[in-house]
Amino acid sequence: GWLSVIQETTSFLEHNLKKDETFFVIPYGPIYYFLTHRNSPAWQLSFQDYQHITPNEEMQTIQDLMKKNVRWVVVLREANAKPSEKNKNKNIGSGAPPILMTFIARNYELVASFGDWREGEDWGLRHATAIFRKKLP
């Protein structure tokens, strides 16, 4: 469930981050910053469809990640969720900006995954995370 995924993800981060190192969470996961006592490397904390993130805002976030040499990215299941007729809240889900997700896909590699990533109507009831590490040059 939610709690075990949060515990596993937090534990992974605590064991793999260097003392003063931070990480980036997308589309929205401030609980991970709180539980690890870290700050986000970017000013934009939430990347959900209803916020209408502009390409310029995505590029600013990418610049923040590059400038601060962020090695770790946590992608939440909600980034891949797809709204449907049964899920009337069309503004939640599919909430990952395309430019930023392309940057992550090209520059980071999957190193861990926790929770249930299967698609389904109950996407809001299941929590999952995928942790990516910056690719070596």
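These legends describe close-up views of a predicted model. Local features need pLDDT of at least 70 and side-chain atom pairs count only at pLDDT 80 or more, while totals for chains, interfaces and linings use all residues. Residues are numbered from 1 along each chain as its sequence is written, and side-chain values use heavy atoms, with hydrogens and water left out.

**View 1. Strand E2 is covered on both faces.** Helices (H or I, at least four residues) and strands (E, at least two) are DSSP runs, numbered from the N terminus. E2 spans residues 72–76, and five of its five residues are buried. Buried means under 20% relative accessible area, exposed over 50%, and partly exposed in between (1.4 Å probe, protein chains only). In a regular strand the side chains alternate between the two faces of the sheet. Here Trp72, Val74 and Leu76 lie on one side. Val73 and Val75 lie on the other.

**View 2. E2 pairs with E1 and with E4.** Two strands pair if DSSP finds at least two bridges between them. E1 (residues 24–26) and E2 run in the parallel sense, over three bridges. Valine 25 has valine 74 as its bridge partner in E2. E2 and E4 (residues 128–134) run in the antiparallel sense, over five bridges. On that side, valine 74 stands opposite isoleucine 131 of E4.

**View 3. Tryptophan 117 sits in the loop between E3 (108–115) and E4.** Its relative accessible area is 26%, so tryptophan 117 is partly exposed. Its C-alpha atom is 6.1 Å from that of alanine 128, 11 residues apart along the chain.

**View 4. Helix H3 has a buried side and an exposed face.** H3 covers residues 55–67. Its 13 residues reach 18 Å from first C-alpha to last, close to the 18 Å expected at 1.5 Å a residue; the expected span is 1.5 Å times one less than the number of residues. Buried in H3 are Glu58, Thr61, Ile62, Asp64 and Leu65. They cover an arc of only 155° around the axis, so they lie on the same side of H3. The arc is that of the directions from the helix axis to the C-beta atoms. Asn56, Met66 and Lys67 are exposed on the face turned away. Just after H3, asparagine 69 takes a positive phi of about 50°.

**View 5. The buried residues of H3 pack against E1 and helix H4 (98–107).** Contact means heavy atoms within 4.5 Å. Residues of H3 that meet H4 include Pro55, Met59 and Ile62. Their partners in H4 include Pro98 and Phe103.
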